[in-house]
Amino acid sequence: MLSNLKSVILVFVSLHVTFGASNPDYSIQMSKIKVLTLNHGKMTNSRRVPAVPQLKCVGGTAGCRAFIPQVVQCENQGSDGITIQWECKTDMDNSYRFGKIIVICEGYDYPGDHYVLVGSCGLEYNIDLTKEGIDNHPSIPIIDIGPPSINQGTSTELSSLTIFLICFGVLLFVTAIFGLIACIVCSERSSSYHVHSDVPFARPVLYPVYTHRPIYRPTTVYVSNDRTSTAGNRVASSSGTRTASGFGGTMSR
């Protein structure tokens with residue numbers, strides 16, 4: 001009997017270690033968290049609210065599809081009197097950098113709780129272009145591009161086609177209106193010449209018309225044998241990768 005009881009206790013302990021270690025349900029004070037290591041494709045722990053991705057791009061001048069960090073490490077830099085400030089680092093190409101970043105954790109009992117659920121923190125970030133990135137990608141518009149979605153490509157193509165058809169229809173409509181107005185004006189002018197009168201029309205006298213003709217003088221063109229290269233012939237290239245940093249605050253959900 002005692003041996004069976006021990007076996008049952010060992011089973012419960014092993015289950016607690018197996019599932020409790022992977023999804024801990026205990027709190028920690030936010031200021032006590034020194035380092036966060038966040039991975040692309042993984043979800044946060046959750047207790048009161050649904051889990052969220054550990055890494056989530058929300059925009060930036062480069063766009064969320066330009067660069068996707070796989071691992072980001074954030075270090076606690078202390079408090080500014082309002083929230084905890086973080087410095088987040090990852091290896092990325094010299095063309096990109098972190099823009100606005102914010103660490104979001106789940107308050108243990110309520111939103112804004114200074115104690116948060118362990119493993120519930122995630123990072124929302126922007127990816128911006130550096131000066132080198134702007135020089136290397138002149139065709140990329142500097143706009144805030146949100147995170148990619150599954151049906152975004154199809155909807156973009158459909159919206160572009162719809163805009164083109166609408167513009168083409170408006171152009172045809174305006175052309176038809178102007179053509180109709182021109183026909184009405186021409187018909188009114190032609191009808192105004194058909195006036196019944198006993199006085200014959202005088203035939204106009206033709207006078208010679210003199211036009212000024214410019215005098216062309218030959219000019220000597222000097223051609224230089226020096227060959228110069230324009231700025232458009234330069235092929236921009238990235239100089240490599242580096243560890244990029246971003247600074248931001250904390251939000252509780």
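**A walk from a loop to the core**

Let's start with K42, which sits in the loop between strand 2 and strand 3; strands (E, at least two residues) and helices (H or I, at least four) are DSSP runs, numbered from the N terminus. This is a predicted model, where local features need pLDDT of at least 70 and side-chain atom pairs count only at pLDDT 80 or more, while totals for chains, interfaces and linings use all residues. Residues are numbered from 1 along each chain as its sequence is written, and side-chain values use heavy atoms, with hydrogens and water left out.

Is K42 buried, exposed or partly exposed? K42 is partly exposed, because its relative accessible area is 48%; buried means under 20%, exposed over 50%, and partly exposed in between (1.4 Å probe, protein chains only). Leaving aside its neighbours within four places in sequence, K42 is in contact (heavy atoms within 4.5 Å) with V52, P53 and Q54. K42 and V52 are 10 residues apart in sequence, and their C-alpha atoms are 8.6 Å apart.

Now step back to the whole chain. The protein has three helices and nine strands, and along the sequence they follow the pattern α-β-β-β-β-β-β-β-β-α-α-β. Of its 253 residues, 24% count as buried. If you take the contacts with a separation of 6 or more, 75% of them come from residues 24 or more positions apart.

T243 lies in strand 9 and T90 in strand 5. They are 153 residues apart in sequence, yet 5.5 Å apart in space, C-alpha to C-alpha. T243 is partly exposed, because its relative accessible area is 49%, whereas T90 is buried, because its value is 7%. Beyond the neighbours within four places in sequence, T243 is in contact with K89, T90 and D91. With those close neighbours again set aside, T90 is in contact with P69, V71, V72, F98, R242, T243 and A244. A polar atom of the T90 side chain also lies 2.8 Å from the backbone oxygen of V71.

What about the nonpolar core? In soluble globular proteins, nonpolar side chains tend to be buried together. A nonpolar core here is a set of buried Ala, Val, Leu, Ile, Met, Phe, Trp, Tyr and Cys residues joined through side-chain atoms within 4.5 Å. The largest one has 27 residues, and those with the most contacts inside it are L36, C74, W86, L123, Y125 and I127. The elements that give it two or more residues are strand 2 (35-39), strand 3 (55-59), strand 4 (71-79), strand 5 (84-93), strand 6 (96-105) and strand 8 (122-129). Strand 6 provides the largest share, five residues.

Finally, have a look at the largest pocket. A pocket is an open set of points on a 1 Å grid over the protein atoms alone, where a 1.4 Å probe fits and protein lies on both sides within 12 Å along at least five of seven lines; lining residues have an atom within 4 Å of a point. This pocket is lined by 14 residues, of which M30, I82, T83, I84 and H114 lie nearest its centre. Strand 9 (residues 241-252) gives the largest share of the lining, three residues.

Terms used:
Polar contact = N/O pair within 3.5 Å; in protein donor to acceptor, adjacent residues only side chain to side chain.
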